[in-house]
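Student: Walk me through this one, please. Keep it brisk.

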Amino acid sequence: MHEREHSVDTIRQSGQMFGKFEKLLVANRGEIAIRVFRTAHELSMRTVAIFSFEDRLSMHRYKADEAYQIGTPNVYTPVGAYLAQDEIIRIAKLRGVTMIHPGYGFLAENAEFARKVEEAGITFIGPTPDVIEKMGDKTKARELAIQCGVPVVPGSPGPISTLEEAQAFIDEYGYPIIIKAAMGGGGRGMRVVRDADSLPSSFERAKSEALSAFGDGTVFLERFLDKPRHIEVQLLADGKGNVIHLFERDCSVQRRHQKVVEVAPAVNLDVSIRDAILEDAVKLAKAAHYRNAGTAEFLVDLEGRHYFIEINPRIQVEHTITEEITGVDIVAAQIHIAGGSLISDLNLTQERINTQGFAIQCRITTEDPAQNFQPDTGKIEVYRSAGGNGVRLDGGAGYVGAVITPHYDSLLVKCTCWAETYEITRRKILRALVEFRIRGVKTNIPFLQRLLTHDTFMKGNSWTTFIDDTPDLFRLVESKNRAQKILKYLGDIVVNGSSIKGQIGEPVFKGEILYPEIRSLAGPEPVDVRVPPEHGWRHILIEKGPEAFAKAVREYNGVLIMDTTWRDAHQSLLATRVRTADLLNIAPHTAHALANAYSLEMWGGATFDVAMRFLYEDPWDRLTKLRALVPNIPFQMLLRGANAVGYTSYPDNVIYDFCQKAKDNGMDIFRIFDSLNYVENLKLGIDAVKKAGGVVEAAICYTGDVSNPKKNKHNLEYYLNLTEQLVDLGIHVLGIKDMAGLLKPDATKLLVGSIRQKWPDLPIHVHTHDTAGTGVASMLAAAAAGADVVDLAIDSLSGITSQPSMGAVVSALEHTDIGTGIRLEDVHALNGYWEQARKLYSCFESGVLSADSSVYAHEMPGGQYTNLMFQASQLGLGKRWNEIKKAYSEANKLCGDIVKVTPSSKVVGDLAQFMVTNKLSYQDVISRAKTLDFPTSVVEFFQGYLGQPYGGFPEPLRTNIIRDLPRIEGRPGATLKPLDLSKLKSELVSKYGRSIRDVDVTSAAIYPKVFAGYREILEKYGEVSIIPTRYFLAKPEIGEEFSIKLEEGVTLIVKYLAVGPPNTSTGKREVYFELNGEARAVGVLDTSAAVEHIQREKANPGNPGEIGAPMSGVVVEVRAQEGAEIKAGDPICVLSAMKMETVVSSTVSGKIEYVAVKESDSLSAGDLVVRIVKV
């Protein structure tokens, strides 16, 4: 005898339970179709799926043995396909189907469809057509209830077809009322009306929805009960009139009359009420001659009275929780009863039905609760579901790659949990929801989590409008979506390369950085850097306060050091691009190696805005994270006086707020300076730091040469007078800030020695740059002349425009009586790390390879030297660097030979580039100042926005540049109104959510646009600061595996696999990764595929009406409109280039004929901006 091949079919047939009923079609889609297929397979039946063209990739078609499309494309609408009765029956007959299950929705309550199925000789799994007709029509169901003596909510005696009929009912029963579709459910065709004004629109909308959803626009009215519970009873009835109930479900948690969370059995429902409801439900089913599964639904008011509302003649979405508490497979019972079985044949007598434990079902939908539950569409990028003991999932579209369309219900998966008690069940389903990871579309999971943890739900006291009545539910648990966002950033790097401004090429270093060992002071063994050292100057500061700290520093026998590696060194050499991650990596070692350091400069200045603007990370996080790893060494920052860490003046309360928050988050020493040495600006910063409890290190910014008698503006007398003013203000430490490296050794001795002689108890802290190559000599001279602290950088980040070499100075003083207290071997240990780390940032190197003594002529600050060189390159002036250096000197003279440090140095730099771009000499600027469009920074400087320069503004140049603009005399911020920080926080919370912290408010107050841009990146890519620098700046190799630490104990293992071709219609590429061994794909827009090359028209120099761009840049604002009249001097647009903004003004009066630019356009110098004609 031939043995049959072992297959799925033979496995099923081995336990076949039905004779002729062997092939079942589900006239539905999604999760309910799959649910029915599973039970049918357990009953050894073959299954048939139907699907619309839009559903051709839906999972339910693959769960059936056979699947057939309903019609051809464009014949039916996406919903219409599942309502195409004749076509569905045609498919069923053609494929030998013997049973049809309608599921819920669509045709499930359509008596005509049930009748046609039976007329075709196919068994319909559900009530008889007559019962569907009687029970599906809510008005007929009400009539039956009244006949049976079952209480009903007061309602219209029959269908309502006109507003007049509705008004007659309202006149009798009053508001509120509820309009309901007579032929459907699921919340469609329902409207609550509370007043006459909303009646007409609600009535029409309800009828329209009913017609669209159920093919019948008939509606009826009921009196609306406030805060009722929705209790429903699961019924089973056979063809001989036998009816049983499977107890009740509480479906009170609803939104828009659609159930969201269901519980079985109902919590806190009095036994007498429960018994009465169950009895009435069975009574109604018997009276209706009900067959198969159905649900009798009731409302229970606040007084415990129950009212019948309807019988749903179909299986319900929430049938799962009844199955869990009773152990009855309701779908199997449906099929058996449809096949002729009696309830007794199934061993389902009322006496045998009991409940055990509790079950809760949550409907997980692709809706965004933060946007009023707006359905979301798109492709599911990540799908990780819950599981474990007591967790049941019924889904249809939950898998990676599934496309969620707008055509159907937003239900993604039903999560049902069972446990012995209500509280354990609630905790279990919460755990399950937390396990879900769904990315690519929004879901209501955050809302469900919030709802399940609300006190009302926890106590089991929900009502039908609980969601609408409880706005607190919308304080959502935010999903971080960290991993997928990080993959999107990595994918963007793969497709488009790094977006970090100023990056040229990729890092030359591709390996793993080796970390140093720090030898113990007591012996040769290395210290455990994870344990913070006990020694450190910060302990004195914390225990005794700023005054005692300053006194201890002054009394120290040697010279202390401040390490600038974490701020000014990389600002000067690497465009301030060193990331927090690479500082954190070496921080524990630094805490031990430099334990005797006066401070670590690690914050403020350009690092604050660059962190957000270019590195996409939070400067406050940098401060707090480094503080945690280095508790023993004081942190020092640059505070630009009245400018805080910005480039302009702010209201005084912003400065006080900033200083207090900086101190509270770990800052210790504030080097307060003003870019013009303007004491009025310094006073504000000094007072703010004092009030915050920080160390006040007020700085005199050095320029000129005190040893050169020919330079008599900024001479020794000037600096001594300035020092005296600062000492009178009660400072703790005096800083000498030599930004350009102009302090020659002899000048250092003269300046430091003179200050020391006059103020013997004043701690002196000297800062310089090594641009000319004399930095080490100058710092040794400062130490010999009585300085208490000198600024140095680790060797591999020292020299040129950075600070002098730490190793050189430490070694030179090692065996003297003014040693630093730092071991040279420890400097070498840290240097080994930074030698490697600097190579990670090779793509930001300035290209300055040697010292440049021309700094003594142009006086350009060290940090600006490299930054300005980069800016010049970006503006197309890279080959004219020597011209820019010469122009810088001339620009300084034009400004009145000022102190040059950010932001005053920016003014001089912007003016120098402006002069070179427009080929202007010193004399050209003087003679043409009335008509030139100067950079905004230059105009604002001459207005007085930075303060008053020593010696005043040069005239008549000032007047010719600012023209009719206002002049500011005195401190610029003194007249500014206080900023309402509380209002700003409310605005930020409204825009970004509750994650906004007080420090974020401060960031937004100082840098509103930069902060907004950072938040956009954060929303798009998440916390990218945790990505290792190697992969932050450059794409990984194919097949390369690397780790990203999300948090302590949570690590992502990422492997880059491949990148797909661009999609010709969207311009996107799919980038493929493995994440923790699981395949992931992210779609990334290929910007090169969408580049539009525009040949811009140039302004004709011979036509005064054609206004051209004075420099290269991006248009950030257009103020001109075609057809408008304009006067000479009126602004046309604002250009921005590398932080330099310029207002382009009209040089003639007339009418604007043509505007050639729009916001975000990139322009080159000379490109046409507008064309003006004479009126």
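Tutor: Terms first: helices (H or I, at least four residues) and strands (E, at least two) are DSSP runs, numbered from the N terminus. This is a predicted model, so local features need pLDDT of at least 70 and side-chain atom pairs count only at pLDDT 80 or more, while totals for chains, interfaces and linings use all residues. Residues are numbered from 1 along each chain as its sequence is written, and side-chain values use heavy atoms, with hydrogens and water left out.

Student: Where is S212?

Tutor: S212 is in helix α9, residues 199-214.

Student: Is S212 buried or exposed?

Tutor: Exposed, because its relative accessible area is 56%. The cut-offs: buried means under 20% relative accessible area, exposed over 50%, partly exposed in between (1.4 Å probe, protein chains only).

Student: How many residues separate S212 and G80 along the chain?

Tutor: They are 132 residues apart along the chain, yet their C-alpha atoms are separated by 9.6 Å.

Student: Step back. How many helices and strands in the chain?

Tutor: The chain has 41 helices and 42 strands. Its C-alpha trace spans about 120 × 90 × 70 Å along the principal axes. Of its 1175 residues, 59% count as buried.

Student: And what share of contacts join residues at least 24 apart?

Tutor: 69%, among contacts between residues at least 6 apart in sequence. Contact means heavy atoms within 4.5 Å.

Student: New topic: α39. How many of its residues are buried?

Tutor: Eight of the nine residues of α39 (998-1006) are buried, so the helix is largely enclosed by the rest of the structure. They are V999, D1000, V1001, T1002, S1003, A1004, A1005 and I1006.

Student: Which helices do those buried residues pack against?

Tutor: α22 (606-613), α23 (619-629), α24 (652-664), α38 (981-992) and α40 (1008-1021).

Student: Take α24. At what angle do the axes of α24 and α39 cross?

Tutor: Roughly 140 degrees, and the axes come within 10 Å. That makes α24 oblique to α39. Axes are lines fitted to C-alpha atoms, for helices over the stretch in contact, and angles run from 0 to 180 degrees between N-to-C directions. Under 35 degrees counts as roughly parallel, over 145 as roughly antiparallel, 65 to 115 as roughly perpendicular, and the rest as oblique.

Student: Left-handed or right-handed?

Tutor: The α24 and α39 crossing is left-handed. A crossing is left-handed if the near helix is turned anticlockwise from the far one by less than a right angle, and right-handed if clockwise. V654, D657, F658 and K661 of α24 make the contact with D998, V999, T1002, A1005 and I1006 of α39. By class, this contact of α24 with α39 has five nonpolar, one polar and three charged residues. Ala, Val, Leu, Ile, Met, Phe, Trp, Tyr, Cys and Pro count as nonpolar, Asp, Glu, Lys and Arg as charged, and the others, Gly among them, as polar.

Student: What about the axes of α39 and α40?

Tutor: Those axes come within 5 Å and cross at roughly 125 degrees. That makes α39 oblique to α40. From α39, D1000, S1003, A1004, A1005 and I1006 meet P1008, F1011 and R1015 in α40. The classes there are five nonpolar, one polar and two charged.

Student: How do α28 and α29 cross?

Tutor: At roughly 40 degrees, where the axes of α28 (775-785) and α29 (806-813) come within 10 Å. That makes α28 oblique to α29. The crossing of α28 and α29 is right-handed. V776, M779, L780 and A783 in α28 meet A808, V809, A812 and L813 in α29. The residues of that α28 and α29 contact are eight nonpolar, no polar and no charged.

Student: Now strands. Which residues of β1 are on which side?

Tutor: In β1 (23-26), K23 and L25 are on one side, L24 and V26 on the other, and all are buried. In a regular strand the side chains alternate between the two faces of the sheet.

Student: In what sense do β1 and β2 pair?

Tutor: Parallel, over four bridges, with β2 covering residues 46-51. Two strands pair if DSSP finds at least two bridges between them. L25 has V48 in β2 as its bridge partner.

Student: What is the order of the open sheet of four strands?

Tutor: β35-β42-β40-β37, with antiparallel pairing. The edge strands are β35 (1106-1108) and β37 (1125-1126), each pairing on one side only. Two bridges join β37 to β40 (1150-1155). E1125 stands opposite K1151 in β40.
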